[in-house]
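Good morning, and thank you for coming. I ask that you keep the sequence and the structure in view while I speak.

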Amino acid sequence: MNLQASDARWLTAAARLALRGRPSSRPNPAVGAILVKGGVVVGRGWTRPGGRPHAEAIALAEAGAAARGATAYVTLEPCAHRSDRGPACADLLVEAGVARVVFGCQDPDPRTSGSGLARLRDAGIETAAIELAEVSGSLAGYLTRARLVRPHVTLKLALSLDGRIALPSGESRWITGEVARAHVHSRRALADAILVGGGTWRTDRPRLDVRLPGLEGNGPEPVVLTSRALDGVRVIAAPRDIAGLPETQYLYLEGGAMTAASFLAADLVDRLDIYRAPIIVGEGLPAIGDIGLTDLAGAHGRWALVERRQFGQDSYDGFVRRR
């Protein structure tokens, strides 16, 4: 395996490790770090709850003296700004004597952007940047916040083969099977907040929690899209108001057809999670309302398939918005 392929493999592993820090690392990004020496992992870490310690600090502490001469694989540029909550990771890597740092994304935070790399290079540490979809995907919430000043939005749809989400009566339990529903709960556990429309909230009173063993405490904050005031739940009046959700990097959207349409029409959906059950409903409730599309040409080229899985009899496709 050549150096580039080896670097990509370890950096991908760091991105997967970073998921362990999501969403509890907020307001900081969930970062993954792996220290490798002689082809062997000597330290690894991910951002801990509340944002500290950082991934690099944990990996270096685990490696100890073995960090000297190692290569550090970090999903995000090591921070350069000092804080009362902990030292700058670029300084820690210099002090530990690592030989190389391979990272996936430059930090958009102006306190670090480029400065972390400059500090490493000034200390004689070799640096390399590798752009990987797995890495940018693991930082999607943080990068979307920085670039678009709003959370990263995932729209979940559970459909019949003919694109229905419920019977004409509104009955929708259950379109998909138990395994697919468990996967939905694992996706909820990765979100900071979960949003439904006012009609769904008033009619179904959905729990919107996580019901997986060991993850029961990882439920996202419920948010309702409605013009009415509601007791005990956060409310926004329009899709654009998601920009004001504090410390929210990842928003999971499970609203009805009109809620889904409003976010799609505003071009605020970054990922589609589509679950399909092998059933035909016929006349029923559609998954998505009118999004203002006037010609088919405008619909093409907007979504890229990035994930496909099978959950029992149900299929799952993940798409990301091409921007």
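Predicted model: local features only at pLDDT ≥ 70, side-chain atom pairs only at ≥ 80, totals over all residues.

Residues are numbered from 1 along each chain as its sequence is written, and side-chain values use heavy atoms, with hydrogens and water left out.

Let us begin with space. Rolling a probe the size of a water molecule over the atoms shows where empty space is left. The search runs on a 1 Å grid over the protein atoms alone: a cavity is a set of points where a 1.4 Å probe fits but cannot get out, whereas a pocket is an open set with protein on both sides within 12 Å along at least five of seven lines. Lining residues have an atom within 4 Å of a point. Grid points are joined across faces, edges and corners, and a volume is the space filled by probe spheres set on the points.

The largest pocket holds about 1,300 Å³ of space. Its lining has 41 residues, and those closest to its centre are Ala-133, Gly-137, Ser-138, Arg-271 and Val-320. Helix α5 (residues 133-138) gives the largest share of this lining, 6 residues. Helices (H or I, at least four residues) and strands (E, at least two) are DSSP runs, numbered from the N terminus. By class, the pocket lining has 18 nonpolar, 10 polar and 13 charged residues. Here Ala, Val, Leu, Ile, Met, Phe, Trp, Tyr, Cys and Pro count as nonpolar, Asp, Glu, Lys and Arg as charged, and the others, Gly among them, as polar.

Val-320 belongs to strand β15. This residue counts as partly exposed because its relative accessibility is 27%; buried means under 20% relative accessible area, exposed over 50%, and partly exposed in between, with a 1.4 Å probe and protein chains only.

How many cavities of 30 Å³ or more does a search of the whole structure find? The search finds 1. The largest cavity has about 40 Å³ of space, and its lining divides into 3 nonpolar, 3 polar and 3 charged residues. Among the lining residues are Arg-22, Pro-23, Arg-26 and Tyr-250.

Arg-22 and Pro-23 are joined by a cis peptide bond, with omega about 0°. Another cis peptide bond, with omega about 10°, joins Arg-26 and Pro-27. Pro-23 is in the loop between α1 and β1 (32-37), and Pro-27 is found in the loop between α1 and β1.

I turn now to salt bridges. A salt bridge is a side-chain nitrogen of Lys or Arg within 4 Å of a carboxyl oxygen of Asp or Glu, and the structure holds 21 of them. In one, between Arg-100 and Asp-7, the closest N and O atoms are 2.9 Å apart. Arg-100 lies in strand β4 (residues 100-105) and Asp-7 in helix α1 (residues 3-18), so the pair ties together parts that are 93 residues apart in sequence. Arg-100 is buried at 11% relative accessible area, and Asp-7 is buried at 3%.

Arg-150, Asp-267, Asp-270, Arg-302, Arg-321 and Arg-323 are linked in a network of salt bridges. Within this group, Arg-323 pairs with Asp-270, their closest N and O atoms being 3.2 Å apart. Arg-323 is in the segment after β15 (314-321) and Asp-270 in the loop between α9 and β12, 53 residues apart. Are these two partners buried or exposed? Arg-323 is exposed, with a relative accessible area of 53%, whereas Asp-270 is buried, at 8%.

Finally, two further features. Val-149 has a positive phi, near 60°, in a residue other than glycine. Its place is the loop between α6 (140-148) and β6 (152-159), and Val-149 counts as exposed at 53% relative accessibility. Glu-247, also not a glycine, has a positive phi of about 55° and lies in the loop between β10 (234-236) and β11 (250-253).

Thank you for your attention.
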